[in-house]
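Open the model in your viewer and follow the stops below. Each one says what to select and what is there.

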Amino acid sequence: MECSLYDRIINQTKPFSESEIRNMCFQIFQGGAHIHHQGYVHRDLKPSNLLVFQECDKDR
């Protein structure tokens with residue numbers, strides 16, 4: 001993965017669109033549902049623990 005969601009939020013030059021926020025929330029909820037279905041619980045869910053692929057500053 002290229003960076004964390006926290007890095008992407010900090011380096012964002014314009015606000016996220018509503019569709020981007022909905023897409024990120026959907027993916028986070030789907031991931032949480034999957035790990036819960038497998039019998040695990042993520043107890044420290046925060047932007048710095050969520051890894052993303054796109055649009056982050058690699059120098060940071």
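**Stop 1: the largest pocket**

Select helix 1 (5-10), helix 2 (18-37) and strand 2 (51-52): each supplies at least two residues of the lining of the largest pocket. Helices (H or I, at least four residues) and strands (E, at least two) are DSSP runs, numbered from the N terminus. The model is predicted, so local features need pLDDT of at least 70 and side-chain atom pairs count only at pLDDT 80 or more, while totals for chains, interfaces and linings use all residues. Residues are numbered from 1 along each chain as its sequence is written, and side-chain values use heavy atoms, without hydrogens and water.

A pocket is an open set of points on a 1 Å grid over the protein atoms alone, where a 1.4 Å probe fits, with protein on both sides within 12 Å along at least five of seven lines; lining residues have an atom within 4 Å of a point. The volume of the largest pocket is about 520 Å³. Now pick Met 24, Gln 27, Ile 28, Leu 51 and Val 52, the closest to its centre of the 20 lining residues. Helix 2 gives the largest share of the lining, nine residues.

**Stop 2: the nonpolar core**

Next select Cys 3, Leu 5, Phe 16, Met 24, Leu 50 and Val 52, which form the largest nonpolar core. Such a core is a set of buried (under 20% relative accessible area, 1.4 Å probe, protein chains only) Ala, Val, Leu, Ile, Met, Phe, Trp, Tyr and Cys residues joined through side-chain atoms within 4.5 Å. Centre on Leu 5: not counting residues up to four places away in sequence, Leu 5 touches Met 24, Pro 47, Leu 50 and Val 52, where contact means heavy atoms within 4.5 Å.

Methods
Buried < 20%, exposed > 50% of the residue type's maximum accessible area, 1.4 Å probe, protein only. Points joined across faces, edges and corners; volume = space filled by probe spheres on them.
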